[in-house]
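Have the viewer open as you read, and look up each residue as it comes along.

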Amino acid sequence: MTMPVVTNKIGVIVDSFKVGVKEGLLKAKQVGADGVQMYAVRGELDPANLSASARREWKAYIGSLGLEISALVGDLGGHGFQDPEANPAKIDKSKRIMELGAELGTNIITTHIGIVPDDKNSRVYETMHTACEELARFANDMNAYFAIETGPETSAHLKSFLDTLGTKGVAVNFDPANMVMVTGDDPVLGVHTLKDYIVHTHAKDGLKLGDMDPRDVYGFYGYDKSLDHEKVAAMAESGAGFREVPLGEGSVDWPAYLGALQEIGYNGYLTIEREVGTNPEGDISRAVQFLKQYK
């Protein structure tokens, strides 16, 4: 196979450095990233904590480092949008994060919505659909994207859900590692299946060690488990089902995957995410160099 020549910009998730936002931004610059993705759910970048002047200061500071914002993370955890009682507050918070993104200079917010049920007539499916329809309209009106991360279900099933929402406001943040680690789905096939919806990607790699019920990873309303990122990271580091590994050391076929992104005309970011390991800065730096070999 011929090696793809990649022109995509390279991003990193600031929070992966585990040193706070300002220090993480400096480290992103040091490792040679073009852009950054940042969590905007709690802490320093929670929209509820940011005045208008603070938002301007963050935008100016990030710009002064020569960095762009590839996306914000707006993942609220829990049961995603499966719990009808929690949804009003989560929908409102998601809208505020989208507005913050616009002020900081990005129109992409990534998230997990929960596993899309197989039964389209189920209560959970209906609850998720209603929430995502509202968020899709809101995002579409802002010329923004509320981008679901791949992994909890197959790409074909996710596409069938997205096709029912009426706009492209709810889109896809494509994570190839989540696919190979949990459902065992093929990222190359997934890129072609979801080609109309992909607006952002995570550059991550992993291995599937055994069969997993996706509900044990991502949670499910009524299943007695919810999405907890620290627990998922622990599973990815030492669990029996899957392992997150440095780029190039897992099951993602990078030449084929990057070639597929080229074939569909994807020109957005490849944003490095590293959720495990004792030396995130070293792993992220090597990941930047790994992706640069395709340039």
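## Surface and charge

About 12,200 Å² of the chain is accessible surface, and carbon and sulfur atoms account for 48% of that area. Keep in mind that this is a predicted model. Of the 295 residues, 56% count as buried.

How many positive and negative side chains does the chain have? There are 29 positive and 42 negative ones, and the centres of the two sets lie 4 Å apart.

## Overall build

Eleven helices and ten strands make up the secondary structure of the chain. The radius of gyration is 18 Å, close to the 19 Å from the globule rule for 295 residues, so the chain is as compact as a globular protein of that length. Taken along the principal axes, the C-alpha atoms fill a box of roughly 50 × 50 × 35 Å.

The contacts tell you something about how the chain is connected. Take those between residues at least 6 apart in sequence: 79% of them join residues at least 24 apart.

## Salt bridges across the sequence

Side chains of opposite charge can pair when their charged atoms come close. Searching the whole structure gives 17 salt bridges. One of them joins Glu68 to Lys9, with 3.0 Å between the closest N and O atoms. Glu68 belongs to strand S3 (residues 68-73) and Lys9 to the segment before strand S1 (10-13), so this pair ties together parts that are 59 residues apart in sequence. Both ends are partly exposed: Glu68 has a relative accessible area of 37%, and Lys9 has one of 38%.

Another salt bridge pairs Lys93 with Asp46, where the closest N and O atoms are also 3.0 Å apart. Here Lys93 sits in helix H3, while Asp46 is in the loop between strand S2 (35-39) and helix H2 (52-64), so the bridge ties together parts 47 residues apart in sequence. Lys93, at 23% relative accessibility, counts as partly exposed, whereas Asp46, at 10%, counts as buried.

## A buried pair and its network

Now turn to Lys204 and Glu273, whose side chains meet in a salt bridge of 3.2 Å, N to O. This pair links distant parts of the chain, 69 residues apart: Lys204 is in the loop between strand S7 (198-203) and strand S8 (205-208), and Glu273 is in the loop between strand S10 (270-272) and helix H11 (280-292).

Are these two residues buried or exposed? Lys204 counts as buried at 2% relative accessibility, and Glu273 is buried too, with a relative accessible area of 7%. The pair also belongs to a network of salt bridges that links Asp175, Lys204, Glu273 and Glu275.

## A buried lysine without a salt bridge

Lys90 is buried yet has no salt bridge, and the nearest side chain of opposite charge is that of Asp75, 7.0 Å away. A salt bridge needs the side-chain nitrogen within 4 Å of a carboxyl oxygen.

What does Lys90 touch instead, leaving aside neighbours within four places in sequence? Its contacts are Leu76, Gly77, Gly78, His79, Gly80 and Phe81.

## Loops worth a look

Two residues other than glycine have a positive phi. Lys18 has a phi of about 60 degrees and lies in the loop between S1 and helix H1 (21-30). Asn143, with phi near 60 degrees, is in the loop between helix H4 (123-141) and strand S5 (145-149). Lys18 counts as exposed at 54% relative accessibility, and Asn143 counts as exposed at 55%.

Finally, find Leu209 in the loop between S8 and helix H8 (214-218). At 46% relative accessibility, Leu209 counts as partly exposed. Not counting residues up to four places away in sequence, Leu209 touches Gly239, Ala240, Gly241, Phe242 and Arg243. Leu209 and Met179 are 30 residues apart in sequence, with 13 Å from C-alpha to C-alpha.

Methods
Residues numbered from 1 in each chain as written. Predicted model: local features only at pLDDT ≥ 70, side-chain atom pairs only at ≥ 80, totals over all residues. Heavy atoms only, no water. Helix = DSSP H or I, 4+ residues; strand = E, 2+ residues; numbered from the N terminus. Rg over C-alpha atoms; globule rule 2.2 N^0.38 Å. Buried < 20%, exposed > 50% of the residue type's maximum accessible area, 1.4 Å probe, protein only. Contact = heavy atoms within 4.5 Å. Areas by Shrake-Rupley, 256 points an atom, 1.4 Å probe, with all protein chains shown as cover. Lys, Arg positive; Asp, Glu negative; His and termini not counted. Charge placed at Lys NZ, Arg CZ, Asp CG, Glu CD.
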